[in-house]
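I opened this notebook page to record what I looked up in the structure below.

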Amino acid sequence: MRAALATHPRLEGLGLATMLIGQLELRAAQRGISTLRLGVEPDNHRALRLYEHLGYLKISESVASWEAERADGSRFLYETTTVEMSKPG
């Protein structure tokens, strides 16, 4: 399963991402999922620090893409490199 997680800039630093990730980890464990993986852009230093603090380890880099929306509502394919991270359960 893939999902995206982002915190609005005005709400950063309140522990919301930590809480959401904690709930995700709890639900994954309840379903018997033993390893979690995520990808984060290498220039997102704040998120990298958070994930490392939560026990995620860097395992590789990969190219990722997804459909995104511009401010005018038009859609485009966003492509980037991501740092792949994993946390054993």
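The entries below cover a strand, a pocket and a nonpolar core.

**Entry 1: basis.** I note at the outset that I am working from a predicted model.

**Entry 2: strand S1.** I then asked which strand pairs with S1. S1 pairs with S3 (residues 75-88) in the antiparallel sense, over 6 bridges. In this pairing, Leu36 stands opposite Lys87 of S3.

**Entry 3: largest pocket.** I recorded a volume of about 1800 Å³ for the largest pocket. Its lining comprises 40 residues, of which Ala3, Ala4, Leu5, Leu38 and Tyr51 are the closest to the centre. The elements giving two or more residues to this lining are H1 (16-30), S1, H2 (45-53), S2 (57-69) and S3. H1 gives the most, with 8 residues. Sorted by class, the lining holds 23 nonpolar, 8 polar and 9 charged residues.

**Entry 4: largest nonpolar core.** I asked how many residues make up the largest nonpolar core. There are 12 in all, including Ile21, Ala28, Leu48, Tyr51, Val83 and Met85. H1, S1, H2 and S3 each supply at least two of its residues.

**Entry 5: Leu48.** Setting aside neighbours within four places in sequence, I found Leu48 in contact with Val40, Glu41, Pro42, Lys58, Val83 and Met85.

Definitions and conventions: Residues numbered from 1 in each chain as written. Predicted model: local features only at pLDDT ≥ 70, side-chain atom pairs only at ≥ 80, totals over all residues. Heavy atoms only, no water. Pairing = 2+ DSSP bridges. Helix = DSSP H or I, 4+ residues; strand = E, 2+ residues; numbered from the N terminus. 1 Å grid on protein atoms, 1.4 Å probe; cavity = no way out; pocket = protein on both sides within 12 Å on 5 of 7 lines; lining within 4 Å. Points joined across faces, edges and corners; volume = space filled by probe spheres on them. Nonpolar A, V, L, I, M, F, W, Y, C, P; charged D, E, K, R; others polar. Core = buried A, V, L, I, M, F, W, Y, C linked by side-chain atoms within 4.5 Å. Buried < 20%, exposed > 50% of the residue type's maximum accessible area, 1.4 Å probe, protein only. Contact = heavy atoms within 4.5 Å.
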